[in-house]
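Welcome! Have the viewer open and follow along as we look at a few spots in this protein.

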Amino acid sequence: MRAVAFILYASLVTLLPVLVVAWNHGALTPFWFLAGDAYLYLGIGQSSSGLTMSFDGLRPTNGFHPLWQVFVRAATALSATPLQAIAATAYGAIAFTLGGVLLLGFAIRRFTGSWLLAMLAVPGVYYLTIGQALRNLPVWGFFSGMEAGLAFFIAALLAYLTSGLNARRRNPTWLTIGIILAFLVLTRLDELFIPACMAVTVALWPSRPYAERITAGALISLPTAIGLALFVGWSLWTTGMLAPVSGAAKGSGALVANAWVTLATFFAPMIELREGLTNYTADRAGLAGGAFRVVELIIPAAFAVGFLVHILRRNAQALWAPILAGICGGIVIKTIYNIGAVNYWHQAPWYFAVAMLMMTLGAAIMLAPAVRRLRRGGRVIATLVLATVTLLHASLWSSDLMTDRLRPAQRDFWLDRSDLQDRLIAADPEIRLLEFGDGMLNFTFDFPVRHGFVFAGDAQSLEALRAGRLLRESHAEGFEVLSSYEYLRVPEGAESWTSEDIRTFLLASFLAEDVKDELRHFTFEMLTVHRPSGVPFIRLIPRG
């Protein structure tokens with residue numbers, strides 16, 4: 001009976017934001033959940049054919065996490081309309097998230113014997129303790145149409161499988177764990193540190209004979225190795241690239257910048273000190289606006305270190321100990337990698353579904369002794385308080401969605417797509433577009449759109465970007481119009497701008513410096529501007 005009550009409770013608080021938005025917006029509900037980057041997946045799904053994936057429909061790309069891209073491509077292929085594809089992607093993410101919440105709750109119950117602690121599965125310990133201040137990383141954030149919902153589900157499945165080891169007192173099926181980890185890695189490639197670290201941890205954990213430990217480590221890592229080999233082979237065959245173009249296009253060497261942003265976020269007086277001793281002027285709004293990116297990386301990793309110490313001191317003999325210790329190690333290594341190689345600007349909540357889940361699971365295991373000491377009355381009060389607080393957060397998240405001005409603007413732009421496309425084709429019948437954005441324009445229009453950031457680009461575009469020739473080489477292939485839904489907005493009257501007005505605007509924009517350097521090779525014409533959004537469509541005209 002308690003299991004049924006938990007399912008009903010967890011389902012209600014998980015789905016409450018969906019129910020609220022659906023009541024108000026009906027078939028257009030998915031626009032209130034999809035993250036901007038979800039349109040990269042949707043655009044690739046819509047433009048691909050055969051065994052290759054493509055963003056622009058002309059050149060193959062590998063700029064995605066493969067398992068989620070396969071899901072989205074299937075969703076677009078099986079959908080009769082683009083709106084149905086959007087709905088399938090959003091509701092697929094929602095369904096995976098709900099499944100992950102239920103699996104995690106049951107895993108916590110098996111680990112701890114407590115339904116009270118199982119309630120922590122939604123919205124998650126991270127959000128209850130710190131995320132609410134920054135409005136990020138509850139389970140509701142995994143409704144974004146990105147891969148996080150699927151990653152959360154797979155990680156919760158692993159947690160549930162692992163939780164049964166104590167109850168059954170039997171050795172785990174290492175190959176099964178390895179297969180689950182392979183699916184997790186193919187869902188988010190940067191989770192590869194988890195099977196690698198788990199294989200080493202299991203091989204070194206002294207609770208089993210040496211030969212058994214080595215075999216277990218091999219079985220854990222083998223499925224991931226096979227899965228990655230298949231993806232790399234496919235990538236090399238279709239694109240000529242070994243690694244995803246998205247990682248290469250985002251650059252490397254982020255350590256110094258990330259270290260400073262981390263320090264400034266956790267100890268704000270360092271900003272005053274640096275400004276006082278140097279010519280540095282802080283972008284305080286940028287630092288404050290990006291604080292969630294720092295916290296969502298550092299806090300779960302710090303917790304993973306603490307939980308790893310707890311396992312070593314209190315649970316080293318448990319059958320599940322090396323498995324959870326390996327996950328903790330993988331989270332820490334991924335954090336170190338991200339600090340050194342991935343600029344904070346490129347990191348988003350969907351990077352951290354596994355780390356967020358592990359924080360909830362670890363906290364529940366660590367709190368279990370205290371909960372067991374509670375009397376019945378204390379447990380009832382704690383249950384009511386936690387349920388009330390969670391329901392409050394679900395309601396507040398729903399209110400945030402309903403009052404978010406970006407969502408209806410995004411919906412309205414997409415609904416204007418036919419009229420806008422007709423205007424663009426009337427102005428340029430052979431139009432091809434270079435999009436410096438998150439994929440909205442590619443999914444919106446039927447004509448070819450190439451990704452200017454090259455995160456979903458191709459080998460030739462990556463080479464051109466690195467050589468500082470992206471605009472010129474794209475123009476030579478007919479991509480003569482530049483635009484961005486997310487990052488380029490012009491004021492009223494911009495339709496009459498001169499070429500120099502447009503140049504000044506672009507030089508002050510979000511475009512990368514190497515792209516800005518190329519602007520000197522062109523003059524510009526404002527082809528059209530979408531109103532009321534202010535999204536410009538700028539024709540590039542090579543200088544004679």
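## Before we start

Helices here are DSSP runs of H or I with at least four residues, and they are numbered from the N terminus. Keep in mind that this is a predicted model.

## A serine inside a helix

Let's begin with S163, which belongs to helix α7, spanning residues 148-168. Is S163 buried or exposed? Buried means under 20% relative accessible area, and S163 counts as buried because its relative accessibility is 0%.

Who surrounds S163? Leaving aside its neighbours within four places in sequence, S163 is in contact with A107, R110 and F111. A polar atom of the S163 side chain also lies 2.6 Å from the backbone oxygen of Y160. For a sense of distance, the C-alpha atoms of S163 and F307 are 16 Å apart, while 144 residues separate the two along the chain.

## A threonine in a loop

Next, find T29 in the loop between α1 (2-25) and α2 (38-47). T29 counts as buried too, because its relative accessibility is 0%. Not counting residues up to four places away in sequence, T29 touches V21, A22 and Y91.

## A sheet and its helix

Now turn to an open sheet of five strands, with mixed pairing and the order β2-β1-β3-β5-β4. Its edge strands, each pairing on one side only, are β2 (449-451) and β4 (522-530). On average, neighbouring strands of this sheet are turned by 30° against each other, direction ignored.

Within the sheet, β1 (residues 433-435) pairs with β3 (residues 481-483) in the parallel sense over three bridges. L433 has V481 in β3 as its bridge partner. Finally, helix α20 (residues 417-427) lies across β4 and β5 (535-542), running at about 145° to β4.

Key:
Residues numbered from 1 in each chain as written. Predicted model: local features only at pLDDT ≥ 70, side-chain atom pairs only at ≥ 80, totals over all residues. Heavy atoms only, no water. Helix = DSSP H or I, 4+ residues; strand = E, 2+ residues; numbered from the N terminus. Buried < 20%, exposed > 50% of the residue type's maximum accessible area, 1.4 Å probe, protein only. Contact = heavy atoms within 4.5 Å. Polar contact = N/O pair within 3.5 Å; in protein donor to acceptor, adjacent residues only side chain to side chain. Pairing = 2+ DSSP bridges. Axes fitted to C-alpha atoms, helices over the stretch in contact; angles between N-to-C directions.
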